Amino acid sequence: GSSNVAVGQGALDANTTASSNTVVGHDSMKVNTGASNTALGRQALRFNTTASSNTAVGYLAGYSNTTGTEMAAVGLEALYNNTTGNTNTAMGRRSLYSNTTGVNNSAFSARALYTNTTGNYNVAVGMDSLYYNTTASQNTAVGYQSSYKNTTGTDNLSSGIYSLYDNTTGSYNVALGSSALENNTTASNNTAVGYRAGYSIT
């Protein structure tokens, strides 16, 4: 391979023909054979094999990734468990930590979308937002612990601290404002706009 940079013990250790990789850190991208990857940090993208066009910055960022492509993981253990999920973006400590095969998810801030495994097309902005989301898709949560307990509810939009906080399986809800629909758990098709709007709806 050509145009590779490897700095650190075991960095890019198994690479043979792949090109354009930049690796800095002990055992980062140790078994890699893919091209155009960037790994900065100890054991970043440690198990990346044939996947290309990934960026991992931070200790153990993208650690378990094997064939997932076009991934960006920035922060301690960001996208740690991702294996084959593609086009995910995780910015923040342990953001999208549990994601394995989920695709097209974006998490910004510490532990955002932490529990997500196979859910797709989710956006979480704010610490612990969509924290318990596992398999649900197409949710957008903005604000500290927004949609915090959501597990399988889909197509929800929440913006504001604690908005849709208790929602677990409710779908097609819109909560705009701090604590809007905070106690909603399983109800669907609600729209609440304003501070504590729809607060007691369950």
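Two strands count as paired when DSSP finds at least two bridges between them. Keep that in mind as we explore this predicted model.

Q: How many bridges join β7 to β8, and which residue in β8 is the bridge partner of A107?
A: Strand β7 covers residues 106–108 and β8 covers residues 123–125, and the two run parallel. Pairing needs at least two bridges, and here the strands are joined by 3 bridges. Within β8, the partner of A107 is A124.

Q: Which strands are the edge strands of the open sheet?
A: The sheet is built from 12 strands with parallel pairing, in order from β1 through to β12. An edge strand pairs on one side only, and that describes β1 (5–7) and β12 (191–193).

Q: Is Q43 buried or exposed?
A: Q43 sits in the loop between β3 (38–40) and β4 (55–57). Its contacts beyond four places away in sequence are H26, D27, S28, L60, A61 and Y63. Buried means under 20% relative accessible area. The value for Q43 is 15%, so Q43 is buried.

Q: Which residues touch the most other members of the largest nonpolar core?
A: Nonpolar side chains tend to be buried together in soluble globular proteins. The largest nonpolar core here has 21 residues. Those touching the most other members are V23, M29, A39, L45, L79, L96 and L113.

Note on methods
Residues numbered from 1 in each chain as written. Predicted model: local features only at pLDDT ≥ 70, side-chain atom pairs only at ≥ 80, totals over all residues. Heavy atoms only, no water. Helix = DSSP H or I, 4+ residues; strand = E, 2+ residues; numbered from the N terminus. Buried < 20%, exposed > 50% of the residue type's maximum accessible area, 1.4 Å probe, protein only. Contact = heavy atoms within 4.5 Å. Core = buried A, V, L, I, M, F, W, Y, C linked by side-chain atoms within 4.5 Å.
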